[in-house]
Amino acid sequence: MGEPTLRDRIELYYATVPLGFADAEEFGPLRLFVRKGEGAPYYGGPNHTYPVPAGPARVSAGSASGGPAAGFASSGPVGTGITAADIARVRARQRELGVAESFEWLAEVTPSLRALVEAAGLPVAERPLMVLDPHHPLPPQPLPEGVTIRVLDADDLGLPAVLALPRLAFADVGTAVGPAGRAELAAVAEKLVADGTVETIRPTLLTGHKVLAAAFAPDGTPLAAGHYHPARGITEIGGIGTLPTARRQGLGAAVMAALATHAREHGVHTVFLAYAEAAVARIYARLGFRPAGTTLLIADQPARGQ
């Protein structure tokens, strides 16, 4: 077997990382990840190249160690022979589960799926991908005076507020300074404690399925945050958000760089991300990320499971 391409590695990641949180249900050439417990639901998509036993070197989905495809073999062509009936079956199962009818896939790998999904009445959005040049040096980014970045553990006192931060950041899209600040952050954090969200996240931090980092003000308020989920030495960095009142200080870029550095230091060799705005892409390009294809997904579908 030859060395997997970048596209192969991204496909492998999308097919592997949900298995730490979800079961995979097969619908012919399509697959649906069904969440095992509490948390945001996952998506349906082509039946990717996915992990199967290939000798004794099998490693769990949450491990960052091992080569790009060690212990894994191909399931065959991706998305071969998808029909409108296949899509209808997945959507019916999603309705049965009471989750959003969401799909996600790489445009370049299964280009025919877009027309079928749109014909079914689901609007498709594009999220361009970028990958970090593995040889590009990534020094720490400058921070405002007194601001520090740390990776959180499961017992970190800042965890509720860090989990609340993206709720405010993504509710106020863009990079302009906005009105939501410390008071709003505290209110959302209280809700996430009360509804059990914080307790749901703790086990994923303990097992290493999720790595969460944030930039903190001197008073302990998180100002920007992001995360990654390592699988087979590959990861997508996501959830980068800045408290609206703290924007335009380079905090998102600093958290991104810290997460990418942490991933590299813990055995991850392929780091990629998706973006929605050109202004954000320019920031990532300055950090050493380069274009790497396009993810397609249902417009306005919930953020992929964390």
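Good morning. The structure above contains an open sheet of 8 strands, in the order β4-β11-β5-β10-β9-β8-β7-β6, with mixed pairing. Strands here are DSSP runs of E, at least two residues long, and helices are runs of H or I, at least four residues long, numbered from the N terminus; two strands pair if DSSP finds at least two bridges between them. β4 (104–106) and β6 (148–151) stand at the edges with a single partner strand each, so one side of each has no neighbour in the sheet.

This is a predicted model, in which local features need pLDDT of at least 70 and side-chain atom pairs count only at pLDDT 80 or more, while totals for chains, interfaces and linings use all residues. Residues are numbered from 1 along each chain as its sequence is written, and side-chain values use heavy atoms, leaving out hydrogens and water.

Within the sheet, β5 (residues 124–132) and β10 (residues 270–274) run antiparallel and are joined by 3 bridges. Leu129 stands opposite Ala274 in β10.

I turn to the interior. Buried means under 20% relative accessible area, exposed over 50%, and partly exposed in between, with a 1.4 Å probe and protein chains only.

Finally, where does Pro244 lie? Pro244 is in the loop between β9 and α7 (251–265), and it counts as buried because its relative accessibility is 0%. Pro244 and Ala169 are 75 residues apart in sequence, yet 6.0 Å apart in space, C-alpha to C-alpha.
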